[in-house]
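Keep the model open while you read.

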Amino acid sequence: MTTAAPLTPGQVAALPAMIPVLDAFPALNIGETLGYSLIKSGEFPIEVIRLGRAFRVRKVDLLAYLGLSQYVAAEVQSAAATTNDAPGVQPGAPTEQPAPTSK
């Protein structure tokens, strides 16, 4: 069996929050056989969560292990800097005003 091409930081950042181990193996640049062997021996570098017969890892754990937490945080800050309004809000949309209080 061949090893899948390693994932780029952008591809890793685009993975879902709970990653199937088959998608995590290329991020770690390891093959399927080695990956499952490490899981079985308890030596996989990040925590593996078993859901029935499926194995998953948390994206946050994978990013931290790969040292990409800062990379993703920089992308989020960059995206936030380009937007003045909240996501999904039309520019110039009316804002809610607090109700007047009577004394």
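Start at arginine 58, whose side chain meets that of glutamate 47 in a salt bridge, 2.6 Å from N to O. Arginine 58 sits in strand β3 (residues 54-58) and glutamate 47 in the loop between α3 (32-41) and β2 (49-51), so the pair ties together parts 11 residues apart in sequence. By salt bridge we mean a side-chain nitrogen of Lys or Arg within 4 Å of a carboxyl oxygen of Asp or Glu. Arginine 58 also has a salt bridge to aspartate 61, with the closest N and O atoms 3.3 Å apart. Through shared partners, Glu47, Arg58 and Asp61 join into one network. The count of salt bridges comes to 2.

The cut-offs here are under 20% relative accessible area for buried, over 50% for exposed, and partly exposed in between (1.4 Å probe, protein chains only).

A word on what you're looking at: this is a predicted model, where local features need pLDDT of at least 70, side-chain atom pairs count only at pLDDT 80 or more, and totals for chains, interfaces and linings use all residues. Residues are numbered from 1 along each chain as its sequence is written, and side-chain values use heavy atoms, with hydrogens and water left out.

Zooming out, the chain has 5 helices and 3 strands, running α-β-α-α-β-β-α-α from the N terminus. These elements are DSSP runs numbered from the N terminus: helices are H or I with at least four residues, strands E with at least two. Of the 103 residues in the chain, 23% are buried.

Next comes lysine 59, which lies in helix α4 (residues 59-66). Lysine 59 counts as buried, at 17% relative accessibility. Its side chain reaches the backbone oxygen of alanine 13 at 2.4 Å. Setting aside neighbours within four places in sequence, lysine 59 is in contact (heavy atoms within 4.5 Å) with Val12, Ala13, Ala14, Leu15, Pro16, Ala17 and Ile19.

Now turn to α3. Its buried residues are Gly35, Leu38 and Ile39. Looking down the axis of α3, these fall within an arc of 100 degrees, so they line one face of the helix; the arc is taken from the directions from the helix axis to the C-beta atoms. That buried set packs against α2 (21-28) and β3, while the face turned away carries the exposed residues Thr33 and Lys40. Just after α3, glycine 42 takes a positive phi of about 75 degrees.

Last stop, the rings. The structure holds 3 aromatic pairs. One of them is phenylalanine 25 with tyrosine 36, edge-to-face at 5.3 Å centre to centre and 85 degrees between the planes. Phenylalanine 25 is in helix α2 and tyrosine 36 in helix α3, so this pair ties together parts 11 residues apart in sequence. Phenylalanine 25 is buried at 2% relative accessibility, whereas tyrosine 36 is partly exposed at 31%. Phenylalanine 25 also pairs edge-to-face with phenylalanine 44, at 6.0 Å centre to centre and 65 degrees between the planes. Rings of Phe, Tyr and Trp (its six-membered ring) pair if their centres lie within 6.5 Å; planes under 30 degrees apart count as stacked, over 60 as edge-to-face and the rest as tilted. Phenylalanine 44 is buried, at 9% relative accessibility. Ring pairs link Phe25, Tyr36, Phe44 and Phe55 into a cluster.

Technical notes
A polar contact is a pair of N or O atoms within 3.5 Å; within protein, one must be able to donate a hydrogen and the other to accept it, and residues adjacent in sequence count only if both atoms are side-chain atoms.
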